[in-house]
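Me: Please take a close look at one part of this model, and say how the terms are defined as you go.

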Amino acid sequence: MATMQEKLAQMVSGEAEEWYEEGGEEGTYEGEDDWGEEDQWWDQEGAEEEDGWEDEEYDWDEGEEEEELDEWEGEDMILQRCAMGGPNRQRNSGIHTIEIYHPQFYFKQIEMEEWDSRPERYGPSVIGKYTKGIGMIEARFPTDDEDPVSFSLTVTHRLIDRMERLGFNQTSLFNPEGETINAWNAFGRIDIGSESLIDRSKSMKTYVMDLFERFGDGEANIEGVDMYNACYGGQAAGLCVLNWVESDRWDGRYGLAIATDISEAHSAAFFTVGAACTGTLYFPEAPVAHHSHRASAILHRLDFFKPVGWKSMAPIVDGKYSIDAYMTCIELCYGTLRKKLNGRQVFSVTDYNVFHTGGGFHVVKKAFERMCRADDPGSSYDEKQRLVQERLIPSVHLLKIIGPCHTVSSFLNMSSVIMSQWEKGLGKVLLVFTYGSGCAASMYQVRFDDLAWMQPLGQWKVEFYRKAILMPPSTQIHDIYCNTWMRFDYRPIGRELFGIDPWKYELDVYYLMEIDKWGRRFYHRGGVVAPPLDKKFALTVDLAEGRPLRENFKDYSKTEKPEEKPQEKLLEDEWKKLEYDMIFEGGEEEEVVEVAYDRANPNHRIVTVEIKTDRPGMETLEHDGEEHTYQIVGSWSGFKEAEDMEPDDEGGFQYTVTVGENAWEDFYLLQDNNQERKIFPAQERSWKALPVVGPHVGGTKLKKWRIDARDLEDAAEEDVGQPGDQYLVVFTWKKGSLKNLEWDKLKGESGEFTKGKYHLAGSWTCWDFVNLEDLGSGRWCFEAQMTWLGLEFVLAREGDVSQLICPEVALDKEGKPTTTGNSTSSVLSPDTRAEMVSLAPRWKIEGNVGEVFRIEFFRDPDDPEELEVTWERSGSAPVKEPPPRYFLATQQSRWGKDGYIEMRKVGTSSSVAAEIEIRGKQEPFRLVMFKRDDLSIYPDKQDCSQIQAHKVVGPTAAVEGQCWAVGKAAADKAKVGDLFTVLYDTAEKKVTWRKA
């Protein structure tokens, strides 16, 4: 019997194989020169296996071979690459990493919609088109100092820097001497794919070779040039590099496929822009190995082309026909691949999907749905949407914030899956469809065998935005790049023309310095802020070809970066800053969006935290120049009615407020009668002529102005008055000026005001307000029976939390009551006493269960500041215990501080139910009875799903963290905006939920 070493030697040498199993019967192999899709195997009985050799189906002989393998343990081994002319391929060849470069400049698509919706552009029909329609969030773009060549230079140099920094140069594994090849000499093939060609003869690859010649000690032995066919060139380069690594001509060095493109777009159609470059590193034993079969479709179609001499960078394209060609290629590739898989459904052997993106996400989604129909024509809509979330969405994180970028597209989308799924992707298979108009397409699979040498998505995004430059959608800085088409004798002007600080150049990025009169292009790493290249890296050809020297260009490196001098602060700027900073106190919270471990250092745990804030953007501080109306919403109407303010002769808006029996009124404003565009003060109960905020949604704790006529210790003398006095409120906001709100007391003017009605909220009403009976002459009453819930209560005018009537009791440092009031306690007039009724100071009646008490409230009509609350026992009766009431307390409502959701009885069953909306990845909740935290119902596990085994605890005091979580289990199929019905079976003490 042949030893294991001999078998491996036969595999490497290419000798004819004879394989013997323990039974001594011979099985022979016949096939092509390498192990591939066409191989055929016969087992001992002679039956043909058509699926090819899969590792899990063919095991090595047990026994002696296992003993021989044991002998190898601990020995240093060098993996052997296949010999020239040998029959086998390298094992698990594929992707080790993908280096990603994107230019600094970007805009937000939602702002682009607002810009393009102007009448002089495309009108309101574009609102929602770029974001909800096309599915984009942001877009990256360069100006005239970058191009596809500079992108390629940057990606190559950054990749090699990262290889050296992280130490993932693995050439020693296939070097007979076992030594690691210097990174600048460790590449044997580089191919570049692009649609953005700059020369009809000289390849971009030759520009990249300048780096290897300088830093690799004259390295020139690197195969490959450029490839192009619309958006397919990048993948063509990738497949060629892969074929080289798998071939018997591979020399043990890395292969690199560069995809570089700028989806240029003039300002007239700026929303279609996108730009990026990727360098994909190929090698055997790859973390992301090419797997199984692949299929292609190459057709002659005239849907998209760029003729020589065409007037601009933009193509001639038939948009609808091009989409048809794209879908045709999907169907052809899918059909071929399924045939190669012996008719198996492609989705059954796939976990994630990547599609080429020529436009936005909407094209990708349509392509995916087309494949869903082909794979399983009977699949339901819900099933397709589930597949979209699980298989497609992980591939578009980068697309949505970079934009479409031709040949780079599918590499970016693969990167999105790798970085977003991280260790969750291990062992799973990714199906890639890549396409270029005209047209050429391929479909293949890769398998996640290990973590790639990349970053988790959250960590990568931190770097993505670190040096980003946000531009307004109206910018024309990218037009400068588009206008470089066919330009000679040209030096970039874009950054200087648009006032971009030169110190924002990135020192590890290559920038175009000049296009000379012959069209030759010259680049420098770091641009105008970087010093000349070290003379030790100079080449003879630099002088021979007359390449321009660094000193011929602007050079900021010789001067120190200027310190930013603090600008003189104007009062207007101070107010604007104060307005912004005082919109909300706090206003920020952290949410952990990703936890992963560093590929280079497995002990390094990376936690990515997103800072969420409800602060408005700075744009709300400036007037938009349009005409608007303004409305006032006040306490005199219970904040239920928005009343128009009348324009005055000076461009302001005014309204007369009559203060009611409280002798104060609170209010805020609306712009255009829109509750999403509130205008309010920066401080609660603000006086006039102080910073104004908005238009903005206002948050959960909306601040209001207060006109206070009471003669209090800190009252403004000019405002002191009495109920019925009138005040003229004037709001002004003109373009280029600050918002301002003032009021003046109208001397001698008085008006009618509505006398209020009064309500009670108590422990037995679940702190819901109920009406008091009006006895006339300022007297009100209510009868209540003592139950196990006790008799604790507060009063309120108009059932308004901001007009609570409470006893005067001792408070702690945080303003919380430390005791309860009794019938002798002083009564505080209506005002805001707490953020929720159940936390306000309250009265408490002592008595026995069954006793009935009559509660009386008096407010003097002639002196509204005179208030009195009393009670007396009026009798007793058989106890009527209140029926149990159940409520949902959700994490989003701060566990009830912002309100509870009452559960209603379901028919004649023992269950109660309520609906909750999914507002995040999960929706945690617990149940409470009678709105009392000490009567909480919750699981004995943290963030428990309904399918987890658990016990239901309570009613008892709540335990932090122990709650149910809708959306935790994949079976919930929960996404933001979904409604779920939560049911609690009171008899079985069981909590369940389902989509509403």
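Reply: Helices (H or I, at least four residues) and strands (E, at least two) are DSSP runs, numbered from the N terminus. This is a predicted model, in which local features need pLDDT of at least 70, side-chain atom pairs count only at pLDDT 80 or more, and totals for chains, interfaces and linings use all residues. Residues are numbered from 1 along each chain as its sequence is written, and side-chain values use heavy atoms, with hydrogens and water left out.

E627 sits in the loop that runs between strand 23 (605-613) and strand 24 (630-634). With a relative accessible area of 80%, E627 is exposed (over 50%; buried is under 20%, partly exposed in between, with a 1.4 Å probe and protein chains only).

The picture for helix 6 (residues 204-215) is one of cover: nine of its 12 residues are buried. Just after helix 6, D217 has a positive phi of about 55°.

Next comes an open sheet of four strands, ordered 26-27-32-33 and paired antiparallel (two strands pair if DSSP finds at least two bridges between them). Strand 26 (646-647) and strand 33 (740-750) are at the edges with a single partner strand each, so one side of each has no neighbour in the sheet. Strand 27 (residues 653-658) and strand 32 (residues 725-732) are joined by six bridges in the antiparallel sense. Within this pairing, F653 is opposite F731 of strand 32.
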